[in-house]
Amino acid sequence: MNIGQASKASGVSAKMIRYYEQTGLIPAADRTSSGYRDYSGTDVHMLRFIRRARDLGFSVAEISDLLGLWRDEARQSSEVKRLAQGHIDELHKKIKGLQDMANTLTTLVNTCNGDHRPHCPILQSLESGLDDEDRPVHPRAGAVARAAP
């Protein structure tokens, strides 16, 4: 089947299929005599595996490890469990971070009168770099700093 058909059957976009091939997550597809990619049922099965792992939040590197374990008939389930447990631990850290952000923002929103006056504790907190407990607020990973105009 061509890439469009494989995409539809697996639920993975053609763009992502090409990306997975380019990065080596999946082997390059066979090619027809005219040079088009030709995917098998096994390829689609692997793409569904990847899609489900992505739906659960696994990174491409983790999916690569999972695929290696999936293909290894001599694997021990403890290896799979260890990898999944590590992912759960990371998810809990992210959840805590999001809860902390929501709590800080809730406190700031509750201290803002939201009236016609210009005084706004939300903006003051953002400007000062301090949170509701007077601790410096550190940018989150991947945050982009912007220069003052």
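These are my notebook entries on a predicted model of one protein chain.

**Entry 1: overall layout**

I began with the secondary structure, which comes to 6 helices and 2 strands. Reading along the sequence, I wrote down the pattern α-α-β-β-α-α-α-α. I then looked up burial and found that 20% of the 149 residues count as buried. For contacts I took the pairs at least 6 apart in sequence; 42% of these join residues at least 24 apart.

**Entry 2: the nonpolar core**

Next I looked up the largest nonpolar core, which has 20 residues. Which of its residues touch the most other members? I noted Ile17, Tyr20, Ile26, Ile50 and Ile63. Helices α1 (3-10), α2 (14-23), α3 (41-55) and α4 (60-71) each supply at least two residues of this core. Helix α3 gives the most, with 5 residues.

**Entry 3: Ser10**

I turned to Ser10, whose place is in helix α1. Is Ser10 buried or exposed? I recorded a relative accessible area of 0%; the cut-off for buried is under 20%, so Ser10 is buried. A polar atom of the Ser10 side chain lies 3.2 Å from the backbone nitrogen of Val12. Leaving aside neighbours within four places in sequence, I found Ser10 in contact with Ile17, Val44, Leu47, Arg48 and Arg51.

**Entry 4: Glu21**

Glu21 lies in helix α2. At 12% relative accessibility, Glu21 is under the 20% cut-off and therefore counts as buried. What does its side chain meet? I found a salt bridge between the side chains of Glu21 and Arg37, at 3.0 Å from N to O. This pair links distant parts of the chain, with Glu21 in helix α2 and Arg37 in strand β2 (residues 37-38), 16 residues apart. Arg37 is partly exposed, with a relative accessible area of 22%, whereas Glu21 is buried.

I also noted a polar contact of 2.4 Å that joins the side chains of Glu21 and Tyr39. Not counting residues up to four places away in sequence, Glu21 touches Ile26, Pro27, Ala28, Ala29, Arg37 and Tyr39.

**Entry 5: the cavity**

I searched the whole structure for cavities of 30 Å³ or more and got 1. About 40 Å³ of space lies in the largest cavity. Which residues line the largest cavity? I wrote down Ile26, Pro27, Ala28, Ala29, Tyr39, Asp43, Met46 and Leu47. Ile26, Pro27, Ala28, Ala29 and Tyr39 in this lining are also touched by Glu21.

**Entry 6: other salt bridges**

How many salt bridges does the structure hold? I counted 5, including the Glu21 and Arg37 pair noted above. I looked up two further pairs.

Asp100 forms a salt bridge with Lys96, and the closest N and O atoms are 3.0 Å apart. Asp100 and Lys96 are separated by about one helical turn, because they are 4 residues apart in helix α5 (residues 77-111). Asp100 is partly exposed, with a relative accessible area of 36%. Lys96 also counts as partly exposed, at 47% relative accessibility.

Asp115 forms a salt bridge with Arg117, again with 3.0 Å between the closest N and O atoms. At 35% relative accessibility I put Asp115 down as partly exposed. Arg117, at 45%, counts as partly exposed too.

**Entry 7: Thr106**

Thr106 counts as partly exposed, at 43% relative accessibility. A polar atom of its side chain lies 2.7 Å from the backbone oxygen of Ala102. I also took the C-alpha to C-alpha distance from Thr106 to Ile122, which is 9.9 Å for residues 16 apart in sequence.

How values were computed
Residues numbered from 1 in each chain as written. Predicted model: local features only at pLDDT ≥ 70, side-chain atom pairs only at ≥ 80, totals over all residues. Heavy atoms only, no water. Core = buried A, V, L, I, M, F, W, Y, C linked by side-chain atoms within 4.5 Å. Buried < 20%, exposed > 50% of the residue type's maximum accessible area, 1.4 Å probe, protein only. Polar contact = N/O pair within 3.5 Å; in protein donor to acceptor, adjacent residues only side chain to side chain. Contact = heavy atoms within 4.5 Å. Salt bridge = Lys/Arg side-chain N within 4 Å of Asp/Glu carboxyl O. 1 Å grid on protein atoms, 1.4 Å probe; cavity = no way out; pocket = protein on both sides within 12 Å on 5 of 7 lines; lining within 4 Å. Points joined across faces, edges and corners; volume = space filled by probe spheres on them.
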